[in-house]
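Hi everyone, thanks for making time. I'd like to walk you through a structure today, so please have a look at it on the screen.

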Amino acid sequence: MPTMPYTMRVWEFKQRIADQLKDLPPNAEVCFGQGDLAFYRIKNLRYVGDTDTPLLVQIEFTQTYQVTFDPEQAD
């Protein structure tokens, strides 16, 4: 089964992450996007049969931003 353009197999994801993080110190920081995303969770989406092993996982992020304009506030 070919993967969709926006997916990759877990082994590939692990390898790509490991390769890119291997030389970084443990206290290095990671940011997502332009700094407006925060890691939320990894969600198991699809299982086959009675197995507890997921066949599809989704990595979810939340947006973090600061509200700078209040439309209810008078000018």
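**Surface and aromatic rings**

The accessible surface of the protein comes to about 7400 Å², and carbon and sulfur atoms hold 54% of it. Those areas come from the Shrake-Rupley method with a 1.4 Å probe, and for residues only the protein chains shown count as cover.

A word on the source: this is a predicted model, where local features need pLDDT of at least 70, side-chain atom pairs count only at pLDDT 80 or more, and totals for chains, interfaces and linings use all residues. Residues are numbered from 1 along each chain as its sequence is written, and side-chain values use heavy atoms, with hydrogens and water left out.

Now the layout. The protein has one helix and two strands, running α-β-β from the N terminus on. Helices (H or I, at least four residues) and strands (E, at least two) are DSSP runs, numbered from the N terminus. Of the 75 residues, 1% are buried; buried means under 20% relative accessible area, exposed over 50%, and partly exposed in between, with a 1.4 Å probe and protein chains only.

Next, the nonpolar patch on the surface. Its members include Met8, Phe13, Leu37, Phe39 and Phe61, and the whole patch has about 990 Å² of accessible area. Two or more residues each come from α1 (10-21), β1 (37-46) and β2 (56-63). Which element gives the largest share? That is α1, with four residues. For a patch, residues need over 30% relative accessible area and no salt bridge; like charges are joined within 9 Å, and nonpolar side chains (Val, Leu, Ile, Met, Phe, Trp, Tyr) within 5 Å. A salt bridge, in turn, is a side-chain nitrogen of Lys or Arg within 4 Å of a carboxyl oxygen of Asp or Glu.

On to the rings. There are two aromatic pairs in the structure. Rings of Phe, Tyr and Trp (its six-membered ring) pair if their centres lie within 6.5 Å; planes under 30 degrees apart count as stacked, over 60 as edge-to-face and the rest as tilted. Phe32 and Phe61 have ring centres 4.9 Å apart and planes at 55 degrees, so this pair is tilted. Phe32 sits in the loop between α1 and β1 and Phe61 in strand β2, 29 residues apart.

Why is the pair of Phe39 and Phe61 edge-to-face? Because the planes are at 80 degrees, with the centres 6.3 Å apart. Phe39 lies in strand β1 and Phe61 in strand β2, so the pair ties together parts 22 residues apart in sequence.

To finish, ring pairs link Phe32, Phe39 and Phe61 into a cluster.
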